[in-house]
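Work through the following exercises with the sequence and the model side by side. Each one sets a task and then gives a solution in steps.

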Amino acid sequence: MSPQQKVEADPYFPDNGDPRYRVNRYELTLDYRPGPNRLAGTARLGAIAGGAPLTEFQLNLADFRIGRIKVDDRAPHYTHRGGRLRIRPSKPIRAGAAFTVEVHWSGNPKPVSSPWGGIGFEELEDGALVASQPIGAPSWYPCNDRPADKASYQISVTTPSAYSVVAGGRLLTRTTKASTTTWVYEQSVPTSSYLVGLAIGRYHTVLLGDPGEGGVPQYGHLPARLLPQFSRDFARQPAMMELFQELFGPYPFGEYAVVVTEEELDVPVEAQGLSLFGSNHVDGARGSERLVAHELAHQWFGNSVSVADWRHIWLNEGFAKYAEWLWSERSGGPTAAQLAATAHRKLSALPQDLRLSDPGRKRMFDDRLYERGGLVLHALRCALSDEAFHRMLRGWAAVHRGATVTTAAFTKHAARYAGRPLDDLFTAWLDEAALPPLPSQVAVVPMRPPYPPSNAGSL
């Protein structure tokens with residue numbers, strides 16, 4: 001963020017995040033005890049002020065007890081109410097200046113309230129799970145909770161040795177002392193606060209396939225009792241990784257992990273370098289394979305290429321939905337054109353009152369947004385050649401790797417690959433509520449690589 005760049009609050013969640021500064025580094029040191037659900041933590045943030053001096057700023061943090069706070073090693077004035085930690089440094093921070101914030105907190109973490117119920121840190125019967133989209137990150141650590149403020153993370157978690165700790169990123173060290181073990185993870189790639197994932201449980205860890213030299217290590221962390229079903233349900237994930245790297249470009253992170261909890265989840269949830277599934281998503285019959293593809297695709301679209309604010313969420317969900325269709329098409333299932341026709345028929349029977357470019361907070365997770373987002377990409381694929389469409393996708397992921405984007409940036413990007421203006425297409429699909437007709441031109445289906453539709457294969 002340059003000193004001249006004007007940054008505004010998220011229009012859907014104006015109380016979350018502070019656009020007057022940005023964080024470039026979080027170092028979290030946590031101690032968690034599953035029995036009493038007790039969390040104690042220290043956060044050290046490296047940040048940079050924006051274009052004006054900071055006489056005060058805010059972090060988001062749920063209802064914890066604050067131990068102490070320091071700004072550049074000096075005690076500031078602060079208040080902590082309603083999930084907002086307002087901090088007034090002992091002296092103003094100069095415009096564009098780097099500064100550090102240290103926060104000590106403790107308490108019993110729980111989900112924060114949202115229009116979709118409680119989200120964030122969730123105590124399980126035996127462990128804990130963090131699924132923060134879109135505003136759940138403050139349920140367990142202090143943060144500048146806005147998707148556009150991406151930072152690197154180091155996370156250290158100490159917990160009883162019977163439990164495993166899984167976080168997005170590379171495991172640096174695992175150190176056991178007496179009855180506790182400390183796990184230290186490093187996520188060096190810029191990460192939005194809501195995409196910092198964490199799982200604590202009694203997990204069995206497996207390697208999915210053989211990444212080979214230069215490949216992407218893929219791990220599964222799951223209850224041991226689910227290993228037979230998991231081995232079948234996730235057997236084709238390495239093939240998905242291969243296909244998505246062909247279609248979208250190199251995997252944007254160092255490794256990828258999936259966690260399956262003992263408990264059921266309504267839907268799987270993506271985090272940076274990590275996806276979280278419930279036991280209900282493992283049935284031994286590949287019944288949730290499209291969701292496996294969906295969450296993996298988010299590593300490119302949503303996690304590496306992130307939304308500047310929540311108005312643009314279709315850029316996350318529509319792309320991941322279309323990735324489901326591409327996987328189906330290239331693995332011997334229904335083609336993307338067939339799945340698009342099915343989605344269009346379903347949407348035609350539903351109310352026509354959702355504008356994809358700005359759905360509103362209440363509708364940002366509406367099922368129609370996912371399906372219509374996929375249809376936007378299919379309409380664009382039909383308007384371009386197949387070759388130009390895939391070049392467009394790879395270019396989008398490459399140019400904006402690690403950055404944040406808007407709908408306007410995407411339409412401008414896509415137009416570079418078209419032989420004719422796309423304004424009418426984008427206006428109809430993104431800005432108007434009425435569902436446009438399904439494109440009549442059938443996209444060319446590329447030759448299918450060897451991703452057999454059989455259930456053969458194991459971890």
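**Exercise 1. Find which residues Y322 is in contact with, leaving aside its neighbours within four places in sequence, and state whether Y322 is buried or exposed.**

Solution. Begin with the place of Y322, which is in helix 4; helices here are DSSP runs of H or I with at least four residues, strands are runs of E with at least two, and both are numbered from the N terminus. Next, list the contacts, where contact means heavy atoms within 4.5 Å: once the neighbours within four places are set aside, Y322 touches A336, G374, L377, H378, R381 and F389. Then turn to accessibility, for which buried means under 20% relative accessible area, exposed over 50%, and partly exposed in between, with a 1.4 Å probe and protein chains only. The relative accessible area of Y322 is 1%, so Y322 is buried. Finally, compare sequence with space: Y322 and Y370 are 48 residues apart along the chain, and their C-alpha atoms are separated by 8.9 Å.

Two remarks on the source apply throughout. This is a predicted model, in which local features need pLDDT of at least 70 and side-chain atom pairs count only at pLDDT 80 or more, while totals for chains, interfaces and linings use all residues. Residues are numbered from 1 along each chain as its sequence is written, and side-chain values use heavy atoms, with hydrogens and water left out.

**Exercise 2. Identify which residues of helix 9 are buried and what covers them.**

Solution. Helix 9 spans residues 423–431, and its buried residues are L425, F426, A428, W429 and L430. When reading such a pattern, recall that an α-helix has 3.6 residues a turn, so residues three or four places apart point the same way. The cover over the buried residues of helix 9 includes helix 4 (314–330), helix 5 (336–348), helix 6 (367–383) and helix 8 (407–415).

**Exercise 3. Locate the backbone features at D73, R286 and P134.**

Solution. As background, most residues other than glycine have a negative phi, and most peptide bonds are trans. D73 has a positive phi, near 65°, and is found in the loop between strand 4 (65–71) and strand 5 (77–81); at 53% relative accessibility, D73 counts as exposed. R286 also has a positive phi, near 55°, and lies in the loop between strand 19 (274–277) and helix 3 (289–297), but R286 counts as buried at 15% relative accessibility. The peptide bond from Q133 to P134 is cis, with omega near 0°, and P134 sits in the loop between strand 9 (127–131) and strand 10 (151–160).

**Exercise 4. Describe the chain as a whole, and the spans that UniProt annotates.**

Solution. The secondary structure comes to 9 helices and 21 strands. The radius of gyration, taken over C-alpha atoms, is set against a globule rule of 2.2 Å times the number of residues to the power 0.38. It is 22 Å, close to the 23 Å that the rule gives for 459 residues, so the chain is as compact as a globular protein of that length. Buried residues make up 56% of the 459.

For the annotations, UniProt positions are given in the numbering used here, feature names are shortened, and annotations may be inferred rather than shown by experiment. The unreviewed UniProt entry assigns "domain: Aminopeptidase N-like N-terminal" to residues 133–195, a span that is 0% helix and 54% strand. The unreviewed entry also places "domain: Peptidase M1 membrane alanine aminopeptidase" at residues 239–429, where the chain is 50% helix and 8% strand.
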